[in-house]
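Please read it alongside the sequence and structure below.

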Amino acid sequence: MHFLTYVKLRTAIPCIILLFSLATGIIFLQSYLPRVNQNIEEDGRHNLQIRMTQIQRNLAYFLLRDNITMVQQQISVLSLDPRVRYVYLVCDEGIILAASDLGLINQPLTAVTPSLSRQEQELLTPAQQDGLPQDTHATQIHFSANRNALLSTTTLSMLPSREKPQGGHRHLLTHSHAHGHATLYLAYDLQPAKNAARQTINRELIKDSVFLVLLALALWSYFHLVVDRRLASLHTMAKKIGQGNYDAQSNISGNDELADLARTFEEMRDNLLHSFETIRLREESLQETQAIAHMGSWEFDILSRQLWWSEETYHIFCFEPCDTITFEKFLGALHPDDRDGVEEAINSSISQARGVSLDYRIVIDADTVRYLHEESQVVVDDTGRVIRRKGSVQDISERHAAEVAMERSAREWAVAMDASDDVIYLLTPDRHLIRANRLFYELTGSTPKTACGRHIVELIHPHGETVLCPVCKAQEERRDTVITMEGNHPDNPAGRPLEVTIKIVRDKKNQPLSMLVTIHDLTSARQDMEERSKLERQLQQAQKMEAVGTLAGGIAHDFNNILTPIIGYTEMALWDLPPEGKTAQKLNEVLQASQRAKDLVSQILSFSRQDDQDRHPLEIQLVLKEALKLLRASIPTTIDIKTTLDQQCGPVLANPTQIHQIIMNLCTNAYHAMRETGGVITVALSQLKLGPHELADNADLKAGKYVLLEISDTGHGMSREICEKIFDPYFTTKAKGEGTGLGLSVVHGIVKHLDGYISVASELDRGTTFHIYLPVSEDNTKTPKSLETAALPGGQEHILVVDDEESITRLLKMSLESLGYQVTVFTTPETALNAFKAQPQAFDLLITDMTMPHITGDQLSKEILALRPDMPIIMCTGFSTLISAKQAAEIGIRKFLMKPVVKKDLAHAIREVLDKKISS
């Protein structure tokens with residue numbers, strides 16, 4: 001195969017250039033070197049000829065004069081030439097007369113011939129065998145066998161004499177001839193010249209080779225830049241296009257063939273890109289269409305039993321696109337109940353060579369089943385045999401679910417419409433009945449078979465109507481409306497108030513599709529509205545009571561702070577005076593008035609539901625008898641009092657004072673309603689059990705046993721408007737100066753505080769009845785006895801008192817010192833805290849107010865307990881929404897007292913706290 005098939009062009013071209021250069025050098029060496037050697041040989045021959053001519057003259061001169069010394073000198077000079085390998089001067093007897101090697105003089109020639117080459121030996125032999133040559137002074141020059149040396153012979157005449165020559169030199173000749181001859185052998189070496197020539201040639205060859213290599217590199221660089229790189233770019237571009245990268249660029253410009261080829265590639269790429277993009281867009285559009293329609297395509301090869309699925313088909317069956325799909329795997333995905341039927345239908349389609357339409361289910365997982373619809377066709381060969389099936393499969397799960405939902409919705413609609421208390425029916429735009437609920441058919445005396453499709457007038461007005469009724473008129477006008485028909489309306493056969501609603505169902509173009517008509521009985525709705533209004537009034541009443549309660553609490557706080565020094569100083573004054581004196585009597589009156597004011601504050605707190613009075617199980621019939629006894633003495637005889645008391649009605653969790661206030665307030669109001677005309681006050685006490693049905697109208701009560709207290713009178717009664725306001729604070733119907741308007745408000749507050757409920761029933765000129773429901777207590781614990789008041793306990797401990805009212809701090813200081821205690825008072829909590837920090841062990845008890853500027857009593861208590869966790873603390877407050885007795889105990893406060901605190905209660909509380917600390 002071609003060389004470039006295996007070697008890249010960028011590598012082949014430099015190699016070819018180098019090989020061509022080497023071949024050229026070898027050829028040049030083979031052709032030029034022999035000529036150089038020939039020239040060297042000719043030059044050497046010529047030079048040797050000249051040299052031998054000169055030597056002949058000189059040697060001949062000295063030989064004829066028998067001056068062998070000069071002969072030897074000449075030969076020594078001759079042997080200094082590096083090109084002269086050896087020089088021998090041999091006489092006719094074969095004796096070396098002179099030589100380049102002085103050690104060979106007078107030696108026979110045969111001694112050196114073994115060291116000579118065969119050609120040199122042959123050259124010397126004739127001289128020994130044939131004697132003297134005929135032609136003297138004739139030079140013969142021969143080449144050595146390797147032509148690296150010139151072998152020359154020259155015959156010279158010499159003077160053969162045995163006499164001692166002049167000059168004192170001894171003659172060495174031994175022959176007796178009259179004239180002798182000597183043969184000069186000289187080997188002229190051409191090798192150095194040839195070596196020098198070869199070195200010169202080699203240098204030139206190296207220079208030429210370097211030049212050729214550089215030339216090859218330059219050619220390769222040029223080829224690489226101009227051709228190879230562009231070819232590589234074309235190759236890269238073609239490779240990328242082959243890999244599907246249609247953004248590849250060649251970046252080749254110019255007007256040569258490579259540029260044309262690059263442009264051709266780019267055009268081809270653009271065409272491919274456009275074609276592939278078109279195909280891709282079509283495939284994406286097909287995939288999107290299939291995905292939107294939940295429809296995939298497939299083909300089934302009958303012979304190989306292999307399936308090909310589109311991407312959406314894989315998605316429908318929840319298979320991975322890399323999975324190999326077979327007909328058996330397809331059957332395995334079917335619902336077990338559908339598998340045999342689908343396989344039978346497919347076999348029938350193949351045997352009968354026809355398409356088939358199938359609905360079947362596939363199982364995705366244990367909780368997911370999909371409903372599919374398949375359409376298929378068959379492909380036959382020339383013989384009519386089915387070779388392939390192809391078709392589409394669509395996920396119709398949503399459609400199936402919608403159909404099921406529509407069917408269920410229709411059933412549910414029918415059930416819901418039939419269960420409705422309203423008459424509901426649906427009409428076409430021209431007022432023909434589409435469907436209706438059970439009440440409609442009962443109202444019209446028809447059935448779905450006899451009524452659907454008929455005009456509504458035939459059903460509602462079987463005898464016709466001369467003038468359109470309001471409902472029919474609105475239907476004719478096709479407008480949304482709500483029509484209220486009272487019970488006395490001539491077109492209302494029900495005799496009850498009705499509300500008819502007409503709703504036009506329209507399409508997107510606002511064209512009417514149908515009319516939905518509902519007929520609602522307003523009787524129960526109006527009753528519900530009245531009940532809702534009643535509940536709203538109760539809620540408003542509760543909100544008003546809560547607002548007034550907040551106001552009352554604030555008033556009670558300030559009032560208690562005022563009462564505290566009044567009661568305290570009065571008690572101190574009474575302790576210092578004899579009880580029979582006039583001053584003591586006057587102070588007792590002041591103390592009694594203060595106690596009444598305290599009770600009034602207690603009533604206000606009861607009204608605001610902030611009173612934390614002790615409650616215990618109480619038989620209220622006992623309190624009732626006592627209160628009625630007092631009441632009988634103050635009410636004129638024109639008013640009779642009747643009682644019906646159940647002695648076994650059970651106890652309630654209450655305070656006697658609270659029950660006494662309820663009875664006195666309600667009976668006093670009854671007396672005022674009958675004081676001019678007389679009448680009867682009836683008081684009844686009983687027990688009843690309320691269940692969920694009895695409590696349906698009252699969310700304030702819980703199911704269980706209750707004590708019912710009923711107080712009624714036969715007075716002038718009250719209107720409905722007044723009944724809604726009687727529990728409002730300061731509301732009264734009495735003349736100015738006869739009442740404060742707080743009596744019923746206090747009663748309402750007490751009842752709420754006891755977790756009970758109060759209601760009033762009254763009509764003008766028919767009297768009034770109050771019903772009070774109080775829950776029966778299951779606790780039968782007896783009421784604890786009050787503390788003895790004969791002697792007040794005292795002590796010698798150091799008490800720290802903190803209150804922002806100076807009058808209260810002075811009172812407490814005097815009262816506690818009178819009991820023997822050491823007292824330190826502060827009116828600012830910051831100063832008290834600093835004093836305690838300076839000497840935390842100097843105090844035995846802290847008495848603090850709750851509401852103070854900057855630092856409240858609970859904050860001061862926390863700071864004190866952080867310094868001394870065992871510090872006893874008593875907190876006094878007139879009123880506070882920030883703290884209660886339970887919250888105070890959680891902080892660590894030992895006692896929680898409500899102002900005004902009398903000296904007796906405070907003395908016992910101090911000893912209780914201090915003695916408990918000592919015992920612990």
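Apart from neighbours within four places in sequence, serine 446 contacts Tyr441 and Ala451, where contact means heavy atoms within 4.5 Å. The model is predicted: local features need pLDDT of at least 70, side-chain atom pairs count only at pLDDT 80 or more, and totals for chains, interfaces and linings use all residues. Residues are numbered from 1 along each chain as its sequence is written, and side-chain values use heavy atoms, with hydrogens and water left out.

Serine 446 sits in the loop between α10 (438–444) and α11 (448–451); helices are DSSP runs of H or I, at least four residues, numbered from the N terminus. The side chain of serine 446 makes a polar contact of 2.8 Å with that of threonine 444. A polar contact is a pair of N or O atoms within 3.5 Å; within protein, one must be able to donate a hydrogen and the other to accept it, and residues adjacent in sequence count only if both atoms are side-chain atoms.

The table gives relative accessible area (buried under 20%, exposed over 50%, partly exposed in between; 1.4 Å probe, protein chains only).

| Residue | Relative accessible area | Class |
|---|---|---|
| Serine 446 | 13% | buried |
| Cysteine 318 | 43% | partly exposed |
| Cysteine 667 | 0% | buried |

Zero disulfides (cysteine sulfur pairs within 2.5 Å) are found in the whole structure.

Mean pLDDT, the predictor's confidence in each residue from 0 to 100, is 79 for the protein, and 83% of its residues reach 70 or more. Over residues 161–178 pLDDT is below 50, and the model has 31 contacts for this stretch beyond near neighbours in sequence.

How values were computed:
Helices (H or I, at least four residues) and strands (E, at least two) are DSSP runs, numbered from the N terminus.
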